[in-house]
Amino acid sequence: MHRVGSAGNTSNSSRPRKEKRLTYVLNDADSTKHCAGINCLAVLKSTTPCDYLFTGSRDGTLKRWALSKNDVTYSATFESHVDWVNDAVMAGSNLVSCSSDTTLKIWNPLSDGVCTRTLRQHSDYVICLAAAEQNGNIVASAGLGGEVFIWDIDSALLPVAKSVDSKEDEHSNGNAGPPMSSLRGINVGNDISFHNNQSSGYCPIAAKGHKESVYALAMNDSGTLLVSGGTEKVIRVWDSRSGSKVLKLRGHTDNIRALLLDSTGRFCLSGSSDSMIRLWDLGQQRCVHSYAVHTDSVWALASNPAFTHVYSGGRDQSLYLTDLSTRESLLLYTKEEHPILQMVLQDDSIWIATTDSSVHRLPAEGQNPQKVLERGGSFLAGNLSFTRARASLEGSAPVPVYKEPSFTISGIPGIVKYEILNNRRHVLTKDTVGSVKLWEITKGVVIEDYGKQVSFDEKKEELFEMVSIPAWFTMDTRLGSLSVHLDTPQCFSAEMYAVDLNMVGAPEDLKINLAQETLRGLLVHWMAKRRHRSGSHTSSNGDVASTHDIVRNHPHSKIEVDDGSDNSNFSALPSFEFSTVSPPSIVTEGSHGGPWRKKITDLDGTEDEKDLPWWCMECVLNSRLPARENTKCSFHLQACEGSNVQIITQGKLSAPRILRINKVINYVLEKMVLDKPLDGGSSDGSSGLGLSTGQSQLSSLGDVSLRSGMKAWQKIKPSIEILCNNQVLLPEMSLATVRAYIWKKPEDLILNYRVVQNK
């Protein structure tokens, strides 16, 4: 996923400022389900009739599920992270999550998805968290930057103090009240964080020592001891109260991916990419047992409360239960094609998260796991890694106890492949189960579902159109869905005629800028709420403007200055109306704070230049577009060899890239040396079309059609054909299409014309 860069330029820098990007994520029709792998699980024990399960996904969201004995019900979505959610823990009455967007977020777990604070301290992806069972105020975080931080949640949640900038604003405005920027940080109903944690004067404790990435953390119940491990292959033990080093444990031969501490902090379990599980006695500072259970990397560990048995899973897609004292091990379940990423125990069940978008529940004797081992089928875990691999090769692989999970929270298939079609509005996708779909990205909906029986490549060839439109957006599927990225000024390079978008009542020559109208469609709810807050309404009678009014009042793409009007008929054009059933989510940032994510229907109208890129605001509010390059196409117009028809023009011509060949035909007809001048026109035939000649006037060539339509004389005169490279061009082709698919040369385009007799 794109990491949104620094807001801008330092005063001494000569590098051009990189403007903020705006991304919108297209959501599936069923927004209650995850569409990418589940990285983490957390359980909230509740005094109400049901517990809650939280799932954090690679789709960037967390979801809450109400757990009953025989059923699971979707409860809420927590949306604010802009990249993968990598881990989540319960810390007292708070839910804390971390992400590849380098942040931690604190949530009210029983809310409808309220993020109470965003913590920014890490320099790279935050991979793992640890919390103290009996001290809900302490949370540790670590990630790829090698940093380990220990957070005091109460201190991190203190109201954000005024910044220096805020105080300056207050004095300059003569306002004795608190500035808006300082109030916004303590509004718990707002899931956009506008200030980093340092602005409140709070900094977490840093446990310094790791030189490489950290993938695993664990903490004892009281929160006094912390263990960490990663690519350095050692386990580091810390005093979490001070961040000081206690000791270092060596034994694993590869990356440490999972850690557990018992309630007292004496024993530690570790799982590694060397396929081994190790039990450490921290008092003796040594490994007391090794367990060769898995045939590949161990990525997840969960123990019973008494710390006598461990559940383990990993890259070999298998879930095992092992008795830590007798070394007896039993294969419980195998999930084909999907490695196990995390597990959590809930009463007599164990929940399993994998690289699939679904979550599975299996029976577990939480208080007495020995009952499961007594069923038979167990094996003795060796203490050397090769013993388990050798047993597997010899064909003695155990049979899993459970063939199927007892319950599954189903996800939806994530998109893994896409192709942007030549019209730059449609995208062909393929998901994890092979289903092929066609999306219209300017509306955010699937317009055709071809099913699983269709070949992606064959469908791509079938949908090919010989049209050339600039690449006005980029895209990725990192979150399991389509993320469309808009960067200025490139995104404003693509235009279409309104008639090609089936806009009823639109003038033939009205051009629509695709990015501008997409932004208007995305922000139409924000604009409506913004106007409502300011006391104005969509129209004087309270009704939404009709499509005809929208077309009539639509700002032409060439208008690049604010005309001072209110643009009160603000509404999305039909081809740019995004779904409100499954609205897309915006991912962006403004001049303050960091990146944020919200559904377009959840924008409340208070967002401003601190939250949104300035160029988006300028485009939507004032119809101002940045200066664009390569919007014109230069060409020479010459008579075909042997033709005796000449036109009154010379030199190079220039026209918009989207100009149709039929407009060139009209130009030729107007400029032909005729025995009889056009009705109502000048004798040189230069009425209305506005095509310019001569090298000095390249930028002024217009594309205005004859307002009165085709003249009577044109119906009886011979018709004109335009050719390029001796190929007759279709009237609906654009100059850009001709240049890309027929001319195929870097030099200026050469078009030839000739007269053909009407049939």
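Tutor: Quick definition before we dig in: buried means under 20% relative accessible area, exposed means over 50%, and partly exposed is in between. Keep in mind that this is a predicted model.

Student: Okay, cysteine 98 then: buried or exposed?
Tutor: Its relative accessible area comes out at 0%. The cut-off for buried is under 20%. So cysteine 98 is buried.

Student: Which cysteine has the sulfur nearest to that of cysteine 98, and how far away is it?
Tutor: A disulfide would need the two sulfur atoms within 2.5 Å. Cysteine 98 is in no disulfide. The nearest cysteine sulfur belongs to cysteine 128, at a distance of 6.8 Å.

Student: And how many disulfides turn up in the whole structure?
Tutor: For background, a disulfide is a covalent bond between the sulfur atoms of two cysteines. Cysteine 35, for one, is buried at 13% relative accessible area. As for disulfides, a search of the whole structure gives zero.

Student: What residue in the turn between β6 and β7 has a positive phi?
Tutor: The two strands make a hairpin with two residues between them. In that turn, a phi of about 65° belongs to glycine 92.

Student: Switching to charges, how many salt bridges does the structure hold?
Tutor: One piece of the tally is a network that links Lys45, Asp51 and Asp347. Another is the contact between arginine 754 and glutamate 721, with the closest N and O atoms 2.9 Å apart. Over the structure, the number of salt bridges is 24.

Student: Why are glutamate 462 and lysine 459 about one helical turn apart?
Tutor: Their side chains meet in a salt bridge, 3.1 Å from N to O. An α-helix has 3.6 residues a turn, so residues three or four places apart point the same way. Glutamate 462 and lysine 459 both sit in helix α6 (residues 456-462), and their separation there is three residues.

Student: How far apart in sequence are the parts tied together by aspartate 500 and arginine 660?
Tutor: These two form a salt bridge, with the closest N and O atoms 2.3 Å apart. Aspartate 500 lies in the loop between β37 (495-497) and β38 (511-513), while arginine 660 lies in the loop between β42 (653-656) and α11 (661-671). So the pair ties together parts with a sequence separation of 160 residues.

Student: What about α11 itself: how many of its residues are buried?
Tutor: The helix is mostly covered. Its buried residues include Ile661, Val664, Tyr667 and Lys671. The count of buried residues in α11 is ten of eleven.

Student: On which side of α8 do Val524, Trp526, Met527 and Arg531 lie?
Tutor: In helix α8 (residues 524-534), these residues are buried. They cover an arc of only 155° around the axis, so they end up on the same side.

Student: Which exposed residues does the face of α8 turned away from that buried side carry?
Tutor: The buried residues of α8 are covered by parts that include α7 (514-522) and α10 (614-622). The face turned away carries the exposed residues His532 and Arg533.

Methods. Residues are numbered from 1 along each chain as its sequence is written. This is a predicted model: local features need pLDDT of at least 70, side-chain atom pairs count only at pLDDT 80 or more; totals for chains, interfaces and linings use all residues. Side-chain values use heavy atoms; hydrogens and water are left out. A salt bridge is a side-chain nitrogen of Lys or Arg within 4 Å of a carboxyl oxygen of Asp or Glu. Helices (H or I, at least four residues) and strands (E, at least two) are DSSP runs, numbered from the N terminus. Buried means under 20% relative accessible area, exposed over 50%, partly exposed in between (1.4 Å probe, protein chains only). Two strands pair if DSSP finds at least two bridges between them. The arc is that of the directions from the helix axis to the C-beta atoms. Contact means heavy atoms within 4.5 Å.
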